[in-house]
Protein chains: 2
Amino acid sequence: MAINLAILGATGAVGQELLRLLEARALPLGELRLLASPRSAGRQLQFRGETRTVQAVSPESFEGIDVAIFSAGGGTSREWAPIAASKGACVIDNSSAWRMDPEVPLVVPECNLEAGRARPKGIIANPNCSTIQMVVALKPLHDAAGVKRVVVATYQAISGAGARAIEAFQEQCRAAANGEAVDPGPLKGQLAQNLLMHWSVDEASGYQEEELKMVHETRKILGDESIQVSPTAVRVPVLHAHSESLTIELGRPMDAAEARTLLAAAPGITLVDDFAAGAYPTPLTAAGTDPVYVGRIREDVGNPGGLQMWVVSDNLRKGAALNAVQIAEGLFA
Amino acid sequence: MAINLAILGATGAVGQELLRLLEARALPLGELRLLASPRSAGRQLQFRGETRTVQAVSPESFEGIDVAIFSAGGGTSREWAPIAASKGACVIDNSSAWRMDPEVPLVVPECNLEAGRARPKGIIANPNCSTIQMVVALKPLHDAAGVKRVVVATYQAISGAGARAIEAFQEQCRAAANGEAVDPGPLKGQLAQNLLMHWSVDEASGYQEEELKMVHETRKILGDESIQVSPTAVRVPVLHAHSESLTIELGRPMDAAEARTLLAAAPGITLVDDFAAGAYPTPLTAAGTDPVYVGRIREDVGNPGGLQMWVVSDNLRKGAALNAVQIAEGLFA
C-alpha cells in the first residue's frame, strides 16, 4: 500500500537527509509533497532523478496526506502540526515542541515503536539526536538489568545545527588552518580547534536545554521515570556524527561479556569493540551511515558491577531523519 | 639563594614550555644546563636573549645541580633519574616511570606540596596532565566534604603528544579544510574533524593507560585510596588545553553555591562560571595561560547532593611544565 508523504522543511539539513533516505529505502511512496516556509518555497530539489519544486505550506498541503514529517523548528511545528493532523495526516515531528506532551508519543522504533500507535493528537515526536543514540544503546541493558543511572558526556558534531552552521564551521576550519582570523559567525564563538557549549540555558538549574532533553526524553522513551541521567553536552569540531561517553549503573551487576552479547543481538546496533586491536567507533567512520555504533564496552573501574561504553552515530541519520523514516516504515508500511 | 637547574629533554614540547616559564618567573636561577639525548645534543636554544647549546646527557651533567627537571620519556627517566639523584640533584620527573613508586612522592603543589619533602630516592614525580587539572579542582571539595567518586570524560588537546604530533595535526587540519586526503601520520588516524582514542591499552580491563593514570594518581595525590574514578579519555581536534567533564559524588550533599565559594578561594583556580551570560572555560581561551579554569558548576540533576562541573587547563603548562616549576619553587626557592 503506497503512502502519501509530505515533508515540511524539505530544504534544511535534515530535510535533505530525509530525501536521500527515501530515495534509497523501501518505503512504498505514493505522492511526495515537498513543503517549506514561504521564504524557501519555489526552490527546486532533486528526487529520484526528477526536479521537484518546494511548495509554500498551507492547510491544503496536507489534504490526502498519510504521513507528514516535520523538520522546520519548534514554532512552525506548534503552528502547523495540529492543522496537518486535522486533515488526517500523522505528523512525525523532529522539533522539541511536542516531545514532552503526555498525549504525544516519543518514539525510537528499537525501543517503543508500539507507543506510536496511540496518538490522540495525531502527532508522534522524534526525540533529540543525543537521546536517540543513547537509548538505542541502553535499551537491551535496561531490559536485562534495569538502568538506574547514566552519566553521559557528549561530543556533538556541528551538522545538527543546520546548513548555515555547517558552512560557518567549514569556513572557520579553513581560516584556522591557514592562520587567519576566525569569524565566530552564527556559531556563537570559534568551534574550529575549540569546544563550545552554545545551547540555550535553563537558568534555574544551570543545565543546557540539550542536556535536560537527555534527562526527560530518556525516561519517556524507556517508560521508566526512575532513571537518573547526569548529562554534559559539548560541541566538538566535527562535521557529522555525535559521540557519547556513557557510564551506566544497573539494577544488578553485569560484566562486559554479557553486555557485549546483549548489544550484539540488539536491533540498530553495530559493535566496533576490539579496542586492544585499535577498533572503536569514531565520528568519521559513522558519518553517512545508519547504525548506532557501540564500542569500548568495559567494566567500570570506578563502580563494581557497572559499565562504561562509547556510542557514536550520525546525528542527521539515526539522530533525526532515519529515525523519522523508521517510525513511518514501522507504523505504515 | 640561587638554584642550579638542569633540564633533560630541553628540545621537546614540554622542555620548550619550561624555558618560557623559567624566563618569565621569579625562580632564582644559578646555572642552567640544557640536556638531551645524544640525538638532540648540539641544538641551540634561546634563553633570556642568549643562545644556549644543548649538551648530551652524561653522569657529569648532574654534578653541582640542585634540581633536574626531566621531560624525556619513561625509558630515559628510568635510566637517568637514579644517576642524577646519586649526584645529589632532586629529580622532578614528568614521565610516568616513577609515579606509582611508593618511595616517590607524586606532587601537585595546590594539593600536597609537603609530600615532596620526603623523597628517599631523590625523585619527585610530576603527575599526568589529565590528573593534575582534575585534582586541583577536586581538592577544595575533598577537604570540605570528601570526594567519594568522580566520573570524568576528557576532551584532550594534541599538544601533549609532542612536537611531531602537533605538526602532523596541523597538516591534517590544512588537508581536511581544503578537501584533500588526510595522512594519519604519527597520530594513529585522522584527528582533524574527528575524535581518537589512541593511548596504549590495558588489555585485561579494556582501559587506556591514560585513563588508569587518572584512577591511581588521583588517589595518591589526594591521599585517599577509597576515591573511585570512572574515566574516559578522548583526543579531540584541539591544539592546546585539555577539558574535562566531572561528575562528583561527595560524602555529604553540597550545593552549587558552596562549591563555587570553595573553588573561588582555592589556589590555582580561576572561575569562569556565569553560564547563563555565556561565560564558561574553553581550550582556546585557556591555551598559553597558567590557571585551572572551572565553570558550569551545577547541582547534579541525576544525583541529588552531587555536583557537575567543567575544568579546562593548558596541558603543557599546569598539566606539565608549570607544575614541575611550581614544585621546584615551593621546595627550593
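**Figure 1. Domains of chain A.** The centres of domain 1 of chain A and domain 2 of chain A, taken over C-alpha atoms, are separated by 25 Å. The model is predicted: local features need pLDDT of at least 70, side-chain atom pairs count only at pLDDT 80 or more, and totals for chains, interfaces and linings use all residues. Residues are numbered from 1 along each chain as its sequence is written, while chains are lettered from A and ligands numbered from 1 in the order in which they are written. In chain A, domain 1 covers 3-126 + 320-332 and domain 2 covers 131-315; domain bounds come from an automatic or database domain assignment. Contact between the domains involves 13 residues of domain 1 of chain A and 19 residues of domain 2 of chain A, two residues being in contact if their C-beta atoms, placed from the backbone, lie within 7 Å. On the side of domain 1 of chain A that touches domain 2 of chain A, α3 (109-112) and α9 of chain A each supply at least two residues. Helices (H or I, at least four residues) and strands (E, at least two) are DSSP runs, numbered from the N terminus. This side of domain 1 of chain A comprises seven nonpolar, four polar and two charged residues. Ala, Val, Leu, Ile, Met, Phe, Trp, Tyr, Cys and Pro count as nonpolar, Asp, Glu, Lys and Arg as charged, and the others, Gly among them, as polar.

**Figure 2. Packing of α1(A) and α9(A).** Helix α1 (residues 13-24) of chain A packs on helix α9 (residues 317-332) of chain A at an angle of about 50°, with the axes 9 Å apart. Axes are lines fitted to C-alpha atoms, for helices over the stretch in contact, and angles run from 0 to 180 degrees between N-to-C directions. The two helices α1(A) and α9(A) are therefore oblique to each other; angles under 35 degrees count as roughly parallel, over 145 as roughly antiparallel, 65 to 115 as roughly perpendicular and the rest as oblique. The crossing of α1(A) past α9(A) is right-handed, a crossing being left-handed if the near helix is turned anticlockwise from the far one by less than a right angle, and right-handed if clockwise. Contributors from α1(A) include A:V14 and A:L18, and those from α9(A) include A:A320 and A:L322. The contact of α1(A) with α9(A) has nine nonpolar, no polar and two charged residues.

**Figure 3. Packing of α4(B) and α7(B).** Helix α4 (residues 129-145) of chain B and helix α7 (residues 256-265) of chain B have axes that come within 9 Å and cross at roughly 120°. Their crossing is right-handed. B:A137, B:P140, B:L141 and B:A144 of α4(B) meet B:A259, B:L262 and B:L263 of α7(B). The contact of α4(B) with α7(B) consists of seven nonpolar, no polar and no charged residues.

**Figure 4. Interface of chains A and B.** In chain B, 46 residues are in contact with 46 residues of chain A. Elements giving two or more residues to this side of chain B include β9 (147-155), α5 (163-177) and β13 (242-250). The axes of α5(A) and α5(B) come within 9 Å and cross at roughly 135°. The crossing of α5(A) past α5(B) is left-handed.
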